[in-house]
Amino acid sequence: MIKKASFLISNTDYKKCPAPTKPEFAFIGRSNVGKSSLVNMLTGNKNLAKTSGKPGKTQLINHFLIDDNWYMVDLPGYGFAKVSKSIKSTWEKMISDYLIHRDNLVAVCVLIDSRLDPQKIDLEFITWCGENEIPFILIFTKADKQSKTKTLGNVRKFLDAAKEIFGDEPDYFITSSQTGEGKEELVNFIENEVQE
Ligand code: GTP
Ligand code: MG
């Protein structure tokens, strides 16, 4: 269980992020998939990360200190069509530089909208993680939005697609920031990883 969480700093450059002395988990995924909402749900603080109904809300690398022990990072989304090409490439470079160079990153949590069939952009992103040897786990979001059967069907389709790429299934969690589903499982997983 997370007992303490505080916002530390926002950056555009991974070099200015807090010294990489604690293990780190970062949240990425398409704009509006629920990254910032997940930060708030996991920490039990609705106001910690800024959320919005409109995509493109988070624009910086945001560090949160958790239990004085590890960093949680809220990243901007990818695949947001409404920003200009030059902003898009600036964001993409900021995120890819961060992911490639951040030495203390234990894993990137790739958030996937559980309402949707596998999306090309998400499969491309995890492929890129594989090519760059960046460990990742999958977090299916917004499970409260449809039936359990529908969620599990979409999860299965995505895992099958990931298996096609990697030969095995990545670790995954099914969550809802509305109901708190998946909170305990995900926090336990991360806490276990940061202890090692
Ligand atoms: P960007 O910062 O723009 O990339 O978006 P984000 O991925 O941080 O998404 P954010 O957390 O801001 O949430 C986007 C919208 O989805 C908001 O309206 C949230 O209330 C809603 N939302 C996020 N998670 C859930 C969830 O688990 N269930 C439901 N029903 N709505 C959710
Ligand atoms: Mg956000």
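# Reading burial, helices and a ligand shell

User: Is Lys4 buried or exposed, and how many other C-beta atoms lie within 10 Å?

Analyst: Lys4 is exposed, because 10 other C-beta atoms lie within 10 Å. The general idea is a count of neighbours: a residue is buried with 20 or more other C-beta atoms within 10 Å of its own, exposed with 12 or fewer, and partly exposed in between, the C-beta atoms being placed from the backbone. This is a predicted model, in which local features need pLDDT of at least 70 and side-chain atom pairs count only at pLDDT 80 or more, while totals for chains, interfaces and linings use all residues. Residues are numbered from 1 along each chain as its sequence is written, and chains are lettered from A and ligands numbered from 1 in the order in which they are written.

User: Where is Lys4 found, and with which residues is Lys4 in contact beyond its neighbours within four places in sequence?

Analyst: Two residues are in contact if their C-beta atoms, placed from the backbone, lie within 7 Å. Lys4 is found in the segment before β1 (5–11), and, leaving aside the neighbours within four places in sequence, Lys4 is in contact with Asp67 and Asp68. Sequence separation and distance in space can also be set side by side: Lys4 and Thr43 are 39 residues apart in sequence, and their C-alpha atoms are 7.5 Å apart. For Gly44 and Lys54, 10 residues apart in sequence, the distance from C-alpha to C-alpha is 22 Å. Gly44 is found in the loop between α1 and β3 and is partly exposed, with 13 other C-beta atoms within 10 Å.

User: How many helices and strands does the chain have, and what share of its residues count as buried?

Analyst: Helices (H or I, at least four residues) and strands (E, at least two) are DSSP runs, numbered from the N terminus. The chain has five helices and seven strands, and from the N terminus on its elements run β-β-α-β-β-α-β-α-β-α-β-α. Of the 196 residues of the chain, 36% count as buried. Among the contacts with a separation of 6 or more, 72% are between residues 24 or more positions apart.

User: What radius of gyration does the chain have?

Analyst: The radius of gyration is taken over C-alpha atoms, and the globule rule is 2.2 Å times the number of residues to the power 0.38. For 196 residues, a compact globule would have a radius of gyration near 16 Å, and the chain agrees with this, because its value is 16 Å. Along its principal axes, the C-alpha trace spans about 40 × 40 × 35 Å.

User: Which residues of α2 are buried, and which are exposed?

Analyst: The buried residues of α2 are Trp91, Ile95 and Tyr98. They lie on the same side of α2, because they cover an arc of only 60° around the axis, the arc being that of the directions from the helix axis to the C-beta atoms. On the other side of α2, Lys85, Ser86, Ser89, Lys93, Ile100 and His101 are exposed. What covers the buried residues of α2 includes β2 (24–29) and β3 (61–66).

User: Which residues of α5 are buried, and what covers them?

Analyst: In α5, Lys183, Leu186 and Ile190 are buried. Seen down the axis of α5, these residues fall within an arc of 80°, so they line one face of the helix. Exposed on the other side of α5 are Glu184, Glu185, Asn188, Asn192 and Gln195, while the cover over the buried residues includes β2, α1, β6 (136–141) and β7 (172–174).

User: What is the phi of Asp67, and what is the phi of Lys142?

Analyst: Asp67 has a phi near 50°, a positive value in a residue other than glycine, and the phi of Lys142, also a residue other than glycine, is positive too, near 60°. Asp67 lies in the loop between β3 and β4 (70–74) and is partly exposed, with 13 other C-beta atoms within 10 Å. Lys142 is found in the loop between β6 and α4 (148–166) and counts as buried, with 23 C-beta neighbours inside 10 Å.

User: How many residues surround ligand 1, and which are the closest?

Analyst: A residue is near a molecule if its C-beta atom, placed from the backbone, lies within 6 Å of it. Ligand 1 is surrounded by 23 residues, the closest being Gly34, Ser37, Thr51, Thr58 and Gly77. Helix α1 (residues 35–43) gives the largest share of this shell, three residues.
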